[in-house]
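Subject: Handing over the structure

Hello,

Here is the structure I promised to pass on. Please open it first, then read my notes below.

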Amino acid sequence: MYFTEFEVLVIGSGHAGIEAALASARLGSRTLILTQNLDTIGQMSCNPAIGGSAKSHIVKEIDALGGAMGINADATGIQFRTLNKSKGRAVWATRVQCDKKAYQFRLKAVLERTPNLSLLQGTAAGLRVKNGSIASVTTDLGVEIRAKTVVITAGTFLRGLLHVGEHSKAGGRMGDAASSLSDNIRALGFESGRFKTGTPCRINGQSIDFNRLEIQEGDEPPPRLSFLSRIARGRDDLFTLNFAADGMFHVEQLPCWITHTTPVTHEIIRSNLHRSPLYQRRIKGTGPRYCPSVEDKVVRFANKESHQLFLEPEGRHSDEFYVNGVSTSLPFDVQLALIHSVPGLERAEILRAGYAVEYDYFEPTQLHPTLETKRIPGLFFAGQINGTSGYEEAAGQGLIAGINAALKVQGRPAFTLSKDISYIAVLIDDLITRGTDEPYRMFTSRAENRLSLREDNADLRLTELGAEIGLVTPARNLETQRKRREIRELENAIDSLWLNGRPLKQAMKDPIFSAEAIPVEVFELASRAAWEHVIADAKYAGYIARYKRDDSRSYARGDRSIPDGLDFAAIPGLRNETRQKLQRFRPVSLEGARRISGITPADLSIIDLWLSSRHLS
């Protein structure tokens, strides 16, 4: 049986699939989302939060290109915070705790009402290739869907295997079936690997003793992830929680809570490691280094007496709490015991057990920069199928894959971004040129031009590029142009202003300078957002100029040799991960080190300076 032919078929309705489908539809291509369950569109399988360190930079870029993730987080958020405020502006990161169900159902409504976009519930069972290119997808019900391009965004569902203690079962997420599509993909000649991730238990808020916990409030005013000042809300829109009928933003924030593990917790874990599928070596996939299980933390950091835990509400109308910091696959009885050893959780009721999930991924070096596969034209991969972790990394890839799938059908030039202007481009370049030997997570240190890639300027970097191909509406682009004009006019005005006997432009370069130091009559020249942007530019101007000088020299140093037998542990400032990878691969030059997955430009600079200081190589 044949279904209606589509120009772009997106398999999966997680964060990558949503952005892929919306981008394709915005560009005018007839698009279909094929998903196992229409009721789990946009589900937050793990932490009900969007953003965080480096991840929010990706969300801002998605938003600047017209994507949905930032708007949806703002619309359904229950707590808004800026992280890393004690550091420079370039690493400030917005994190939005969301109402889990509102986030999910609002996105479903957005998809249902998007022109050029259709939805179908079903499981992709096989791909059909004709004349070397993708031709159709067959579902588990025997329905063949013809498509000119296909974007696979299968998340953790490809041969997913769930583990809780001694018990394992097939599944891509607890309560959802696994997919065997990866067998078909491998049969087409693609190389695959196996990764693992995990999630903590959820507990009943009615059983928590909040008097024993430290409260963590949101920031006021709440920082936002979308550049749009107003978001339209329909009369019957139940799930846009934070925008009024006139589009104005307002939120009553909920607190999160902080507690910690204890020596008793650690002893419970150590005494039951023999029951952990991780330490029984039943889990074969490589897990995320930066989000270790609580078992791993207790073993790897044996000298620590406690680890901080965050209790995060899953919704405004739910008593379910996410216990951030205890990702685990230990048996249920052990999970209950370790939770009861935590201050404030002595009587806590577990609503959902934590678990680990293993899944297939495909080597991302098999992709073009557009995320189209090299082996089969018209077939694109995005998200965890490429070895990444995180909602935000997946969404960024989905956006690029969806754009290019649509452009390919329309016979238009491909759309790619430069690493100099985009974290999404850094992410994709890392994947397709280096691959990854562990679930890939974005860090600001991965971007060579990170001082220029701030949250607040993502629209200035990308929105006009999106408008050029029809991805961003003219009204949205006009708003960005107004912002650019306001900043330019303010910069011109500042040139003639003085503060406390010195040029204001010079005063703004002081590390401790803030907008509060500006006289009221001067501050009224522009909006706070414009001032904050100009101040940040002033603070970073010297560093960026120096980086550009150093960067021009660094290309000439790529062939600089690294002495044989060098003890990388002797180089101060390197991260433990960097030392381990350098010791393992033993590169003979800086260029060789650069090609190792996970080695950042900052790492290379440290090595280069250390070699120079000792007149080596």
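This is a predicted model: local features need pLDDT of at least 70, side-chain atom pairs count only at pLDDT 80 or more; totals for chains, interfaces and linings use all residues.

Let me start with two helices. Helix α3 passes helix α4 in a right-handed crossing. Helix α3 covers residues 69-76, and helix α4 covers residues 100-112. Their axes come within 9 Å. They cross at roughly 130°.

Helix α9 runs over residues 391-409. Its 19 residues reach 27 Å from the first C-alpha to the last. That is close to the 27 Å expected at 1.5 Å a residue. Of the 19 residues of α9, 17 are buried, so the helix is largely enclosed by the rest of the structure. After α9 comes G411, with a positive phi near 70°.

Helix α10 takes in residues 423-434. Its twelve residues should span 16 Å at 1.5 Å a residue, and the end C-alpha atoms are 16 Å apart, which agrees. How many of the twelve residues of α10 are buried? Nine are, so α10 is also largely enclosed by the rest of the structure. The buried residues of α10 include Y423, I424, A425 and V426. L427, I428, D430, L431 and I432 are buried in α10 as well.

Next, the sheet.

Four strands form an open sheet in the order β11-β10-β19-β12. The pairing is antiparallel. Which strands sit at the edges? They are β11 (167-170) and β12 (192-199), each pairing on one side only. Neighbouring strands in this sheet are turned by 25° against each other on average, with direction ignored. β12 pairs with β19 (residues 355-362) over eight bridges, in the antiparallel sense. To find that pairing on screen, look for F195, which stands opposite Y359 in β19.

Now the salt bridges.

The count comes to 38 salt bridges.

- D456 and R454: their side chains meet at 2.8 Å, N to O. D456 is buried, with a relative accessible area of 13%. R454 is buried too, at 1% relative accessibility.
- R484 and E464: the closest N and O atoms are 3.2 Å apart. This pair links distant parts of the chain, 20 residues apart. R484 is in helix α12 (residues 474-494), and E464 is in helix α11 (residues 458-468). R484 is partly exposed at a relative accessible area of 27%, and E464 is partly exposed at 29% relative accessibility.
- E591 and R594: their side chains meet at 2.8 Å, N to O. Both residues lie in helix α17 (residues 590-594), three residues apart, about one turn of the helix. An α-helix has 3.6 residues a turn, so residues three or four places apart point the same way. E591 is partly exposed, with a relative accessible area of 27%. R594 is partly exposed as well, with a relative accessible area of 29%.

Which residues make up the network of salt bridges? R159, D183, R186, R194 and D360 are linked in it.

Last, some backbone details.

Most residues other than glycine have a negative phi, and most peptide bonds are trans.

- E220 and P221 are joined by a cis peptide bond, with omega about -5°. P221 lies in the loop between β14 (214-216) and β15 (256-260).
- N84 has a positive phi, near 65°, and is not a glycine. N84 lies in the loop between β4 (77-83) and β5 (93-98). Is N84 buried or partly exposed? N84 counts as partly exposed, at 24% relative accessibility.
- R586 also has a positive phi, near 45°, in a residue other than glycine. R586 sits in the loop between α16 (576-585) and α17. R586 counts as partly exposed, at 30% relative accessibility.

Best wishes

Conventions
Residues are numbered from 1 along each chain as its sequence is written. Side-chain values use heavy atoms; hydrogens and water are left out. Two strands pair if DSSP finds at least two bridges between them. Axes are lines fitted to C-alpha atoms, for helices over the stretch in contact, and angles run from 0 to 180 degrees between N-to-C directions. A salt bridge is a side-chain nitrogen of Lys or Arg within 4 Å of a carboxyl oxygen of Asp or Glu. Buried means under 20% relative accessible area, exposed over 50%, partly exposed in between (1.4 Å probe, protein chains only). The expected span of a helix is 1.5 Å times one less than its number of residues. A crossing is left-handed if the near helix is turned anticlockwise from the far one by less than a right angle, and right-handed if clockwise.
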